[in-house]
Amino acid sequence: MGSFFKQLYRYTHKRPFRHNENLWPYMRISRASSGEIVSLNFRGQTVPIVDLSSLAAVHSGPIMLTATGPSVKNIRFKTPASFPAMGVNGAWSLGNVVDFKFYVIVDMGFFDQRPEMIAEIVADPQLTLFTTAHGIARIIDRLSLARIRCRLALIEDAAFKIFQPKIPASELGRCYANVRSASFAENRPDIGFTTDIRHGIFDAGTVAYWALQIAAYLGFSEMYIIGLDMNNFSQPRFYESENDKLPTYLAENLEDLIVPAFTHASQVLKKKQIRVVNLSMHSAISSQIFEKADYHQVFG
């Protein structure tokens with residue numbers, strides 16, 4: 001039946017709507033005047049989601065952003081930070097030494113390949129999980145709505161909004177020109193950064209870029225990032241082994257997309273007086289973009 005609906009959707013909708021084909025006709029949504037999705041129904045079930053407006057600037061001070069580069073293996077978490085952390089993907093394995101309050105997963109491949117970890121994440125009632133409509137659909141299909149105890153914060157890729165046509169990368173700058181919270185890199189209409197995630201989040205080939213935008217929206221004024229290596233791509237991520245590592249496209253996107261995007265993010269965040277410290281000393285993201293420091297010196 002799923003295949004039938006997918007073929008029917010393709011027949012009745014133009015190609016720019018193709019990213020919705022796995023959700024139709026199972027999902028129903030409504031939006032606020034500010035653009036974000038405020039109600040969600042999937043397969044006849046009402047899915048509780050966080051009101052994104054209620055999260056705007058409600059936090060302050062520092063946050064730890066935990067990426068998953070191999071350098072995390074070198075950190076001795078004897079004196080973990082006393083402030084909240086935002087994890088991405090497999091960073092969950094640090095849960096015994098890092099105080100996760102927020103989590104971000106937008107890679108559907110991670111949902112497919114790490115179901116046991118997903119089950120643990122959504123079972124945590126102290127956690128707010130930021131994910132997309134496709135991510136929520138996968139969780140419910142594979143675990144059931146009843147097993148979700150975390151808070152779900154529904155976010156969207158600014159170029160691929162649900163039941164709206166895809167925006168080509170070259171058109172993003174023009175389409176968001178009137179959105180005051182969105183800014184774009186000079187001569188790069190495909191590289192955006194937002195401080196209001198209700199309008200959608202701009203992708204740059206890495207979930208860490210989503211996390212920066214979310215943390216800024218939440219109101220944090222200091223961001224310490226571990227595992228933002230962006231090199232040694234042949235090595236497993238810190239939580240992987242050679243036998244179970246997932247593919248990565250970071251190397252292909254590094255010079256043309258990721259580095260320019262983080263450069264732009266750095267400029268936006270500095271204007272907002274938000275400090276970002278990269279705790280991966282040998283990261284390919286240079287100290288001209290984010291200042292660098294050693295974890296053990298910063299945290300004793």
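This is a predicted model: local features need pLDDT of at least 70, side-chain atom pairs count only at pLDDT 80 or more; totals for chains, interfaces and linings use all residues.

Me: Where is His-264 found?

Reply: His-264 is found in helix α7, which covers residues 250-271.

Me: And which residues does His-264 touch, leaving out those up to four places away in sequence?

Reply: With those left out, His-264 touches Ser-183, Phe-184, Ala-185, Ile-191, Gly-192, Phe-193 and Tyr-209.

Me: What about Arg-188: how far apart are His-264 and Arg-188 in space?

Reply: Their C-alpha atoms are 9.9 Å apart, while in sequence the two residues are separated by 76 positions.

Me: Tyr-209 was in that list of contacts. Which residues of α6 meet α7?

Reply: On the α6 side they are Ala-208, Tyr-209, Leu-212 and Ala-216. They meet Ala-261, Phe-262, His-264, Ala-265 and Leu-269 in α7.

Me: How do the axes of the two helices cross?

Reply: The axes of α6 (residues 207-218) and α7 come within 11 Å and cross at roughly 10°. Helix α6 is therefore roughly parallel to α7, as angles under 35 degrees are counted that way.

Me: Let us change topic to the strands. In what order do they form the open sheet?

Reply: The sheet has 8 strands in the order β8-β7-β6-β5-β4-β11-β12-β13, with parallel pairing. Its edge strands are β8 and β13 (291-292), each of which pairs on one side only.

Me: What holds paired strands together in general?

Reply: Strands of a sheet pair through backbone hydrogen bonds.

Me: Take β6, then. How many of its residues are buried?

Reply: Strand β6 is mostly covered, with 5 of its 6 residues buried.

Me: Which strands does β6 pair with?

Reply: Strand β5 (residues 85-88) runs parallel to β6 and is joined to it by 4 bridges; there, Val-88 has Val-104 of β6 as its bridge partner. Strand β7 (residues 128-131) also pairs with β6 in the parallel sense, over 4 bridges, and Ile-105 stands opposite Thr-131 in β7.

Me: And how many bridges are there between β4 and β11?

Reply: Strand β4 (residues 62-66) pairs with β11 over 5 bridges, again in the parallel sense. Thr-66 has Ile-226 in β11 as its bridge partner.

Me: What does Val-47 touch, leaving out residues up to four places away in sequence?

Reply: Val-47 then touches Leu-40, Phe-42, Ile-136, Ile-140, Leu-145 and Leu-152.

Me: One last topic, the cysteines. Is Cys-150 buried or exposed?

Reply: Cys-150 is buried, because its relative accessible area is 8%. Cys-175, with 37%, is partly exposed.

Me: How many disulfides does the count come to?

Reply: The count comes to 0 disulfides, taking a disulfide as a pair of cysteine sulfur atoms within 2.5 Å.

Notes:
Residues are numbered from 1 along each chain as its sequence is written. Side-chain values use heavy atoms; hydrogens and water are left out. Contact means heavy atoms within 4.5 Å. Two strands pair if DSSP finds at least two bridges between them. Buried means under 20% relative accessible area, exposed over 50%, partly exposed in between (1.4 Å probe, protein chains only). Axes are lines fitted to C-alpha atoms, for helices over the stretch in contact, and angles run from 0 to 180 degrees between N-to-C directions. Angles under 35 degrees count as roughly parallel, over 145 as roughly antiparallel, 65 to 115 as roughly perpendicular and the rest as oblique.
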